[in-house]
Amino acid sequence: MQAPPLTRLQCCPPTCGAAAAIICSDEFAKKHNISKPIYIAAQSMTTDFTSSFDSKSPMRIVGYDMTVAAAKEVYEQSGIGPYEVNLAEMHDCFTANELITYEALGLTPEGTAEKFIEDGDNTYGGRVVTNPSGGLLSKGHPLGATGIAQCAEIVWQLRGQAGVRQVEKARIGLQQNIGIGGACVVTMYRKD
């Protein structure tokens, strides 16, 4: 046990890592023959709310409110709703965080995450494939590179370059990354 009810295998280890992404204009992409562009449709960053500390709620402490607010902004900015998302890369540093995040992102109504999983709506053949990369629990948590690793997976998926992990007909990807005691970033990706 790490922190009941979480066992050691339900908590990812922090690891070392670094990463970079290249973001360019359409003009630059055309000039350099970059094909299959993927677009950032919207992005939002939120920071801790007083509820993160005042409510004494474990869900609030791990960033539920920050995720709700960032997701709402992204859906409004992009004009893309949660039921249009084909795949999501979420910050699953603990198994419980993934459960909480389904609801915070609006992928399923509040109080229905367990049913969402039981119905297989979070995997291949379901409504939204979650963490096709395997998530943090499969690869560790390279603190400096976690967000870019999620970004890379979504870009590969939307380009159709994810091999055996490929999500069929992927057009819209959602990324959620969080730093407890700090910030949450939600990003919506799309392809034309």
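Lys-36 comes out as partly exposed, because its relative accessibility is 46% and the class between buried (under 20% relative accessible area) and exposed (over 50%) is called partly exposed, with a 1.4 Å probe and protein chains only. Lys-36 sits in the loop between helix H1 (26-31) and S2. Helices here are DSSP runs of H or I with at least four residues, strands are runs of E with at least two, and both are numbered from the N terminus. The phi of Lys-36 is positive, near 55°, and Lys-36 is not a glycine. Most residues other than glycine have a negative phi.

Before going on, the conditions. This is a predicted model, with pLDDT of at least 70 needed for local features and 80 or more for side-chain atom pairs, while totals for chains, interfaces and linings use all residues. Residues are numbered from 1 along each chain as its sequence is written, and side-chain values use heavy atoms, with hydrogens and water left out.

Lys-169 also has a positive phi, about 55°, and is not a glycine. Lys-169 is in the loop between helix H8 (146-159) and S6. Lys-169 counts as exposed because its relative accessible area is 70%.

Now the helix pair. How do H4 and H5 cross? The axes of H4 (residues 64-78) and H5 (residues 95-104) come within 9 Å and cross at roughly 35°. The axes are lines fitted to C-alpha atoms, for helices over the stretch in contact, and the angles run from 0 to 180 degrees between N-to-C directions. The crossing of H4 past H5 is right-handed, meaning the near helix is turned clockwise from the far one by less than a right angle. On the H4 side, the contact (heavy atoms within 4.5 Å) is made by Tyr-64, Thr-67, Val-68 and Ala-71, and on the H5 side by Ile-100, Thr-101, Glu-103 and Ala-104. Sorted by class, that is 5 nonpolar, 2 polar and 1 charged residues.

H5 itself is mostly covered, with 7 of its 10 residues buried. Those buried residues pack against helix H3 (58-61), H4, strand S3 (87-90), helix H6 (113-118), strand S4 (129-130) and strand S6 (172-179). One of the buried residues is Glu-98. Glu-98 counts as buried because its relative accessibility is 18%. Leaving aside neighbours within four places in sequence, Glu-98 is in contact with Met-90, Asp-92, Asn-122, Thr-130 and Asn-131. Just after H5, Gly-106 has a positive phi of about 75°.

Is Glu-110 buried or exposed? Glu-110 is exposed, because its relative accessibility is 63%. The side chain of Glu-110 makes a polar contact with the side chain of Tyr-64 at 2.9 Å. A polar contact is a pair of N or O atoms within 3.5 Å; within protein, one must be able to donate a hydrogen and the other to accept it, and residues adjacent in sequence count only if both atoms are side-chain atoms. Outside four places in sequence, Glu-110 is in contact with Tyr-64 and Glu-103.

Next, the nonpolar cores. A nonpolar core is a set of buried Ala, Val, Leu, Ile, Met, Phe, Trp, Tyr and Cys residues joined through side-chain atoms within 4.5 Å. The largest one has 22 residues, and Tyr-75, Val-85, Leu-105, Leu-107, Leu-174, Val-186 and Met-188 touch the most other members. Elements giving two or more residues to this core are H4, S3, H6, S6 and strand S7 (183-191). H4 gives the largest share, 5 residues. Another core lies apart from it, with 10 residues, among them Ile-154, Val-155, Leu-158 and Ala-170.

Ala-88 is in strand S3. Ala-88 is classed as buried because its relative accessible area is 0%. Ala-88 and Asn-131 are 43 residues apart in sequence and 6.0 Å apart in space, C-alpha to C-alpha. Beyond four places in sequence, the residues that Ala-88 touches include Leu-107, Val-128 and Leu-174.

Last, Ser-44, in strand S2 (residues 38-47). Ser-44 is buried, because its relative accessible area is 3%. The side chain of Ser-44 makes a polar contact with the side chain of Glu-73 at 2.5 Å. Setting aside neighbours within four places, other residues in contact with Ser-44 include Ala-70, Val-74 and Cys-184.

Terms used:
Ala, Val, Leu, Ile, Met, Phe, Trp, Tyr, Cys and Pro count as nonpolar, Asp, Glu, Lys and Arg as charged, and the others, Gly among them, as polar.
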